[in-house]
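Hello! Here is the structure I promised to hand over. Please open it first, and then read on for what was found in it.

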Amino acid sequence: MSHRPSRFHTLLAGLATCALALGGCTSSDSDDASTTSSSEAPTSEAPASSAPAEESDTEPLEEIRAYVPQTMAFGAPLSGFGSEGNLDGLAESTSVQNWDSLEQLKSALMNNEVEVAATPAYVAANLYNKGVDVRLVAPVVWGMLYVLGPEGTTPGDWEALRGQKVIVMLPGNMPDLVFSYLLKHNGMDRDKDIQVIPAQDGQQAMALLTKGEAQWVVVPEHLASVALMKMKKSGVNLTRALNLQEEWGKVTGKQARFPMAGLVMPGTLVDEHPDLVKAIRAEVAATVEKANAGDEATIAKIAETYSLPAPLVKDVIGRLQLEVVSGADAREEYEDFLTRLGEDNPKIYGGKLPDDRFYAE
């Protein structure tokens with residue numbers, strides 16, 4: 001890896017990147033919509049082996065560069081990138097670097113400065129609809145959002161929010177979009193029934209919570225776990241009042257998850273190196289499988305990379321809902337997610353659903 005966040009504080013600040021959790025770009029960075037839905041679960045990528053990639057007719061790449069936000073949610077799946085064996089023979093070297101803004105990500109993809117990148121779900125569709133030739137290789141993060149509230153709150157009770165102040169991290173982005181969609185479908189008006197206190201990043205959300213500006217906050221993991229621990233130390237006991245993944249399942253009648261973020265690759269690379277798509281998916285799936293199983297070495301690597309205690313990482317991993325599913329297999333669930341999030345503003349994903357070419361087999 002060529003870069004890693006240095007301190008815990010840096011990570012909290014990094015949660016403010018255009019992608020956390022994967023936050024995504026602001027609505028103003030987006031465009032239009034359409035509709036479709038899904039009911040069946042996609043087929044997950046088969047567990048990856050550490051066997052070298054199959055022989056390819058194309059020349060090995062000089063380097064396979066992965067580009068990810070500075071968040072543990074994507075640091076975890078890519079913590080073993082280049083060391084699992086599935087990319088052997090396909091490139092002379094690998095690296096993992098961080099992107100800090102949507103423009104930086106867009107530039108890297110357009111200028112062939114990266115072979116694979118992690119993006120929030122609707123950002124990938126938005127880039128594609130704006131003419132950036134990217135392909136959805138695999139959704140990986142399947143929902144990790146929570147509403148924390150006062151201890152004693154009945155889990156799943158939306159009415160408990162009525163008339164309350166709610167800190168909403170990254171307004172107009174992924175946490176806010178999912179929360180607002182579910183709030184509306186639980187019979188509440190975001191502008192009338194609650195008082196939203198915006199927080200531009202994880203650090204600000206924590207500061208507002210600590211100051212007592214509100215006892216309710218919409219946050220992703222692992223920040224949710226950190227907030228619970230930090231507030232308890234200060235004498236304030238909070239609870240996971242709303243698991244937004246479970247609430248999504250209740251509202252939609254589908255699985256308690258949604259394709260929150262995933263991997264994309266430049267279209268020309270997918271066309272010229274089709275073997276690379278499956279190899280990259282297998283490489284990431286290998287690490288995901290180990291992390292989900294609580295493999296000590298994998299957990300230790302993630303903890304070291306993000307300067308976090310290993311027990312915290314191990315506790316959080318399961319709530320990240322990591323699973324590598326091919327773009328083609330995830331299409332129905334992905335389209336349903338985009339359509340629902342874009343009910344009020346389809347511009348967030350570019351105004352229309354991507355066509356067949358967008359979904360990598």
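Helix 5 (residues 174-184) and helix 13 (residues 331-341) have axes that come within 10 Å and cross at roughly 80°. That makes helix 5 roughly perpendicular to helix 13 (angles of 65 to 115 degrees count as such; under 35 is roughly parallel, over 145 roughly antiparallel, and the rest oblique). Axes here are lines fitted to C-alpha atoms, for helices over the stretch in contact, with angles from 0 to 180 degrees between N-to-C directions. Helices (H or I, at least four residues) and strands (E, at least two) are DSSP runs, numbered from the N terminus.

This is a predicted model: local features need pLDDT of at least 70, side-chain atom pairs count only at pLDDT 80 or more, and totals for chains, interfaces and linings use all residues. Residues are numbered from 1 along each chain as its sequence is written, and side-chain values use heavy atoms, leaving out hydrogens and water.

Which residues of helix 5 meet helix 13? They are Met174, Leu177, Val178 and Tyr181, which meet Phe337, Arg340 and Leu341 (contact means heavy atoms within 4.5 Å).

Helix 4 (residues 121-129) also has an axis that comes within 10 Å of that of helix 13, crossing at roughly 90°. Helix 4 and helix 13 are therefore roughly perpendicular.

Now to the strands. Strand 10 (residues 261-266) has six of its six residues buried (under 20% relative accessible area; exposed is over 50%, partly exposed in between, with a 1.4 Å probe and protein chains only). Strand 3 (residues 116-120) runs antiparallel to strand 10, joined by four bridges (pairing takes at least two bridges found by DSSP). Strand 4 (residues 134-141) pairs with strand 10 in the antiparallel sense over six bridges.

Happy exploring!
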